[in-house]
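Welcome, and please load the model in your viewer. We will go from one selection to the next.

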Amino acid sequence: MDRPAEIANAPHGRLGEVLEEYWGYDSFRPLQAEAMDCVLAGRDSLVVLPTGGGKSLCYQAPALAMPGVAIIVSPLISLMKDQVDALRANGAPAAFINSSLSPDERRKVTSLVRSGEVKLLYAAPERIVRDQTLQFLSSVDVSFVAIDEAHCVSTWGHDFRPEYTELGRLKQALPGVAIHAYTATAADRVQQDIISGLSLQTPELLIGSFDRPNLVYRVRRGTRKLEQIEQVIARHPGESGIVYCISRNEVERVAGQLKEAGIRAAPYHAGMADTARARNQEAFLTDHIEVIVATVAFGMGIDKPNVRFVVHAGMPKSLEAYVQESGRAGRDGLEAECLLLYSGKDPVLWRRMIEEGEPAAREGALRSLDEMQTFSSAVACRHRAIVEYFGQSFEKENCAACDCCLGELKLAAEPLVNAQKILSCVARLDQRFGAGHTAKVLAGSKDQNVAKFNHTELSTYGILRHEHGTTIRDWIEQLVGQGHLEKVGEYGVLQITAAGRQVLRGETTPVLLAPAKRVKESRSAAEDNWEGVDRGLFDALRELRSELAAERSVPAYIVFGDTALRDMARRRPTTTEAFAEVRGVGAAKLRDFGKVFLEAITQYCTTMGIATDVVEGGQ
Ligand code: ADP
């Protein structure tokens with residue numbers, strides 16, 4: 001695992017050819033080469049890579065390079081269909097077998113497997129472990145078994161599926177066939193459950209970095225949520241994004257408001273009728289709408305690689321959930337933006353739900369919530385915070401891809417004095433009021449509740465009157481996040497902690513943010529990906545992609561990913577040979593789409609009078 005990057009990345013032997021031929025890729029993502037080597041060597045393995053890390057390729061490429069058929073266990077029928085469609089579009093012989101097929105279609109698939117014409121067979125776990133299926137598999141040449149979303153075997157995971165526990169039978173039923181498990185879940189105990197639950201034998205453990213350098217993280221207080229969401233959408237015209245809300249009501253409201261603002265958005269939550277939900281999901285996957293506004297019910301099985309932004313309109317309940325949900329952005333490795341808007345009400349809401357929920361899960365859930373709150377109000381590199389949370393170390397001094405490291409957050413002047421003013425006010429209020437009321441007192445508000453309690457008479461009334469109300473609220477949250485204040489009970493009453501008393505005595509200085517006025521959102525290093533790209537041509541090619549996808553009734557990204565379109569709009573090839581050089585163009589795509597894209601590129605470049613067949617800087 002300590003191999004230099006250039007060696008680890010160099011595609012080798014037959015796998016390199018497969019990668020180029022079917023996917024048009026010329027290098028491996030981290031750990032892909034190692035994971036594929038395990039498959040080729042027939043050694044059991046557990047591969048943990050973050051969402052978008054490229055797990056599918058770890059088994060798909062070796063399946064094409066090895067004799068026999070690879071069996072892929074996948075939990076969702078929709079996921080299976082997408083993967084098989086994408087593989088076939090690349091010219092790879094794949095099939096699935098599940099309840100959506102008629103008996104005739106099923107017979108056809110089994111006969112194709114028998115004759116060796118299918119190299120990858122997808123199936124759901126409950127079907128694989130049937131005696132009849134196992135008998136069939138024993139009679140054909142199985143190259144290996146890959147278990148996708150392997151964390152579903154663990155009761156500790158966030159997505160336990162009882163049918164996964166049956167998969168432990170595979171080892172006995174198919175002696176000598178290696179099993180490879182894939183997941184994005186980093187928790188140690190989940191990994192242990194996978195190894196024992198699937199009876200993996202001395203597996204190679206490959207755990208990737210949890211950093212996603214192409215994601216730019218920003219955390220802001222949700223002061224004018226709709227406006228803040230619209231600003232993100234405006235930065236990504238015509239591109240896909242997800243807006244997560246905590247409640248179904250909020251989903252409906254935000255989706256409605258965005259539509260009114262002329263944005264092609266649609267809602268998604270578990271309270272909707274199945275048909276409406278499926279329709280909206282489909283519209284999002286096929287790029288007929290740009291923004292899906294959803295609860296956490298939306299996500300699993302959504303393999304869309306070109307999601308350019310994920311906004312959380314409320315704080316999620318844990319950092320694991322946040323990483324998973326925000327991780328749905330930028331799976332294609334291109335830059336994407338994740339904005340988390342939090343408010344003091346979010347933890348109160350979650351706390352109530354947790355307290356009403358399963359008692360056994362309460363303690364862990366409250367701890368996770370706390371950690372999430374700390375992350376939200378922290379004033380430190382977000383990439384580092386995430387990576388360290390998952391027990392890994394973070395090497396970079398400055399990630400250049402979060403609001404802290406991009407210098408978008410300015411530190412407040414005189415943090416000690418301001419913090420002392422806030423803490424004294426909490427003390428004067430006898431530690432009996434919440435953040436909202438405390439902020440009003442500090443700001444010298446004329447609010448009737450402040451007058452009613454005679455808080456206008458307090459010595460701390462109005463001592464922060466020169467600051468904006470939301471800034472004071474932010475500071476209170478930051479003091480909570482840094483453990484100087486605590487929110488207690490249903491109403492989040494503020495109490496001073498031992499650490500807070502140290503601040504009052506001037507022994508420690510907290511960090512307070514002064515939200516910079518109208519900061520220009522900086523560009524991340526990853527945005528170099530647009531270098532040399534002709535935006536007009538990119539847009540024209542995107543339209544062409546949509547038309548072709550609609551004709552074939554497949555999601556747009558199955559025709560070409562954004563990476564490929566950008567590379568086309570950068571290189572502007574006019575010959576078949578040059579087109580084959582484009583990232584993401586393999587043999588099948590060259591055959592199926594080469595001509596029509598070449599025509600579009602030539603026509604655009606001639607009309608606009610711009611250079612074609614650009615070689616320099618084409619990587
Ligand atoms: P995961 O399952 O780990 O979330 P995927 O397998 O869906 O990730 O891969 C995410 C995206 O990255 C896909 O669009 C895939 O084609 C692309 N990808 C995977 N490996 C590579 C590679 N070596 N080079 C370029 N793109 C890749």
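A polar contact here is a pair of N or O atoms within 3.5 Å; within protein, one must be able to donate a hydrogen and the other to accept it, and residues adjacent in sequence count only if both atoms are side-chain atoms. This is a predicted model, in which local features need pLDDT of at least 70 and side-chain atom pairs count only at pLDDT 80 or more, while totals for chains, interfaces and linings use all residues. Numbering starts from 1 along each chain as its sequence is written, and side-chain values use heavy atoms, with hydrogens and water left out.

**Domains 1 and 2**

Start by colouring domain 1 (13-207) and domain 2 (215-389), two of the domains in the assignment, whose bounds come from an automatic or database source. Their centres, taken over C-alpha atoms, are 29 Å apart. Domain 1 brings 13 residues to the contact and domain 2 brings nine residues, where contact means heavy atoms within 4.5 Å. How many residue pairs are in polar contact across this interface? The rule finds one, with both residues at pLDDT 80 or more.

**The sheet**

Next, show the strands (DSSP runs of E, at least two residues). Seven of them form an open sheet in the order β3-β4-β2-β5-β6-β1-β7, with parallel pairing; two strands pair if DSSP finds at least two bridges between them. At the edges lie β3 (94-97) and β7 (204-207), each pairing on one side only.

Now zoom in on β3 and β4 (residues 120-123), joined in the parallel sense over four bridges. Select Ala95, and you will find Leu121 of β4 opposite.
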